[in-house]
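Please look over the structure below before reading the points that follow.

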Amino acid sequence: MDWWILIPIVPAAALVVFLAVILIRAAAFKPKNQPRPDDSPEDVDRDRAVEALATLVRCRTVSYADHSLEDDAEFDKLIDSLPALYPNVFETCELQKLPNRALLFRWRGKHEGQPAVLMAHYDVVPVNEEGWDEPAFEGLIKEGCLWGRGTLDTKATFNGILFSADTLIARGFTPEHDLYFAFSGGEEINGMGASHIVDYFEQQGIEPAFVLDEGGAVVENVFPGVKAPCGLIGIAEKGMMNVRYTVKSEGGHASAPKPNAPVDRLSRACRRVVEHPFKAKLTPPAARMFDTLGRHSTFLYRVIFANVRLFLPVLDIICKKGGGELNALMRTTVAFTQMAGSAAPNVIPPEASMVSNIRLNPADDMDSALARLKKTVDDGNVEISLLGGMNPSRISTTDCEGWNKVASAVASTWRGCIISPYLMVQCSDSRHYGRISDRVFRFSAMDLTAEERATIHGHNEKIRLDAVARTVEFYLRLMKLC
């Protein structure tokens with residue numbers, strides 16, 4: 001027999017086996033068990049919860065990096081309103097006021113043990129009221145929604161925590177272990193209020209059973225091939241850094257421009273960074289999300305997610321094409337946000353600069369990202385400097401009772417949603433808690449549409465009245481598990 005005849009058959013047979021393995025893995029890529037929801041009903045006084053939130057919204061607690069722009073009276077107004085809004089909390093819980101507008105409530109439990117920490121912030125970002133259809137600080141209720149800055153970010157959860165505790169205290173409930181409610185008045189400017197609370201926990205030797213802050217939500221149409229609502233609970237968050245690019249020259253008159261003027265060089269640098277994005281890197285938070293939600297996807301996507309490392313280049317193309325949060329899950333992103341040049345239109349600037357905001361994938365850090373930017377720009381005349389930032393957070397475990405409790409409360413409040421870990425692409429106060437715990441979770445207790453999410457930090461921020469009540473329901477269920 002001529003054995004050379006079999007040579008083409010061997011690679012073909014190997015390909016068939018290879019494809020068979022891929023398809024078998026996809027067929028076996030079935031959904032895992034989800035938390036079993038608690039079927040018991042949970043009553044919420046929606047009208048009173050909405051009015052309490054409206055009162056908080058009417059306080060203009062806008063934080064600025066330049067503290068001279070802040071209105072201290074508005075922050076005091078909010079804090080002074082709390083005893084009337086949540087009287088049972090103030091009768092039962094201990095309140096400490098820590099530096100930088102940090103508020104820490106302690107609700108003592110029945111037994112010693114690790115406490116749970118529930119977080120929110122009560123400062124908000126500035127508002128351009130000319131772009132709003134309704135006033136931003138009047139707490140107006142219209143067509144089933146409460147309008148106002150902070151309704152979503154994050155006075156709704158601030159109210160949900162305190163309103164739920166107030167309700168449970170009135171019912172005679174006491175948690176098994178201590179509960180701490182940790183609030184910051186400067187989260188939007190990366191203030192140190194939350195850090196001071198963590199300092200206190202460290203000094204007291206307190207290690208939380210789990211920590212819950214803002215982050216994911218119950219959302220739809222965010223994952224390829226999955227139609228069911230997804231309850232996304234962040235187990236880590238990306239880092240953040242601001243970078244300045246500066247070019248200097250002798251300046252000159254714009255009528256006789258020389259080559260390689262500052263703005264020219266900056267334009268090339270910007271183009272090179274945009275056209276050469278950071279490489280996709282599959283990190284544990286994203287991998288766990290793909291492993292969970294991918295099992296609920298269509299068969300074609302299951303082929304990809306069941307063999308995700310093999311198909312990483314394909315997944316990268318999908319992410320690049322879709323952009324947005326799916327792309328941000330996979331790589332360090334760069335957004336150019338500021339530029340400065342000449343003070344006059346007919347003068348070549350002696351110095352021009354631009355700034356980019358960079359969100360760091362957990363596989364990167366500030367040093368590695370800065371080095372890559374310099375290599376990508378590849379122009380010694382462009383000075384690239386770090387303005388400030390923070391590395392990615394510690395990655396939390398999901399193999400713990402804290403995760404089980406949060407996931408159970410989500411499943412019981414939003415029946416039928418798929419609970420999944422994910423990587424939070426924004427930054428929050430919860431990053432400080434990585435010093436004392438690897439059980440820090442991020443979930444904004446709301447179900448939000450894409451349109452509603454777009455109003456966070458934007459125009460016309462508002463929350464559905466039913467969502468206010470659902471937020472309270474979530475915290476009622478969670479606290480009863482603590």
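**Notes on salt bridges and a helix pair**

1. Glutamate 473 is buried, with a relative accessible area of 14%; buried means under 20% relative accessible area, exposed over 50% and partly exposed in between, using a 1.4 Å probe and protein chains only. Arginine 477 also counts as buried, at 7% relative accessibility. The side chains of these two residues, glutamate 473 and arginine 477, form a salt bridge at 3.1 Å, N to O (a side-chain nitrogen of Lys or Arg within 4 Å of a carboxyl oxygen of Asp or Glu). About one helical turn separates glutamate 473 from arginine 477, because they are four residues apart in helix H15.

2. The model is predicted: local features need pLDDT of at least 70, side-chain atom pairs count only at pLDDT 80 or more, and totals for chains, interfaces and linings use all residues. Residues are numbered from 1 along each chain as its sequence is written, and side-chain values use heavy atoms, with hydrogens and water left out.

3. Helix H15 (residues 465-480) packs with helix H13 (residues 401-413): their axes come within 9 Å and cross at roughly 135°. Axes are lines fitted to C-alpha atoms, for helices over the stretch in contact, and angles run from 0 to 180 degrees between N-to-C directions. H13 is therefore oblique to H15, the class left over once angles under 35 degrees count as roughly parallel, over 145 as roughly antiparallel and 65 to 115 as roughly perpendicular. Helices are DSSP runs of H or I with at least four residues, strands are E runs of at least two, and both are numbered from the N terminus.

4. Which residues of H15 make the contact with H13? They are Arg470, Glu473, Phe474, Arg477 and Leu478, facing Lys405, Val406, Ala409, Val410, Ser412 and Thr413 of H13; contact means heavy atoms within 4.5 Å.

5. How many salt bridges does a search of the whole structure find? The total is 28. One of them joins the side chains of arginine 149 and glutamate 461 at 2.7 Å, N to O. These partners are 312 residues apart, with arginine 149 in the loop between strand E5 and helix H5 and glutamate 461 in the loop between helix H14 and strand E17. Arginine 149 is buried at 2%, and glutamate 461 is buried at 1%.

6. Arginine 442 and glutamate 237 meet in a salt bridge of 2.9 Å, N to O. Arginine 442 lies in strand E16 and glutamate 237 in strand E8, so the pair ties together parts 205 residues apart in sequence.
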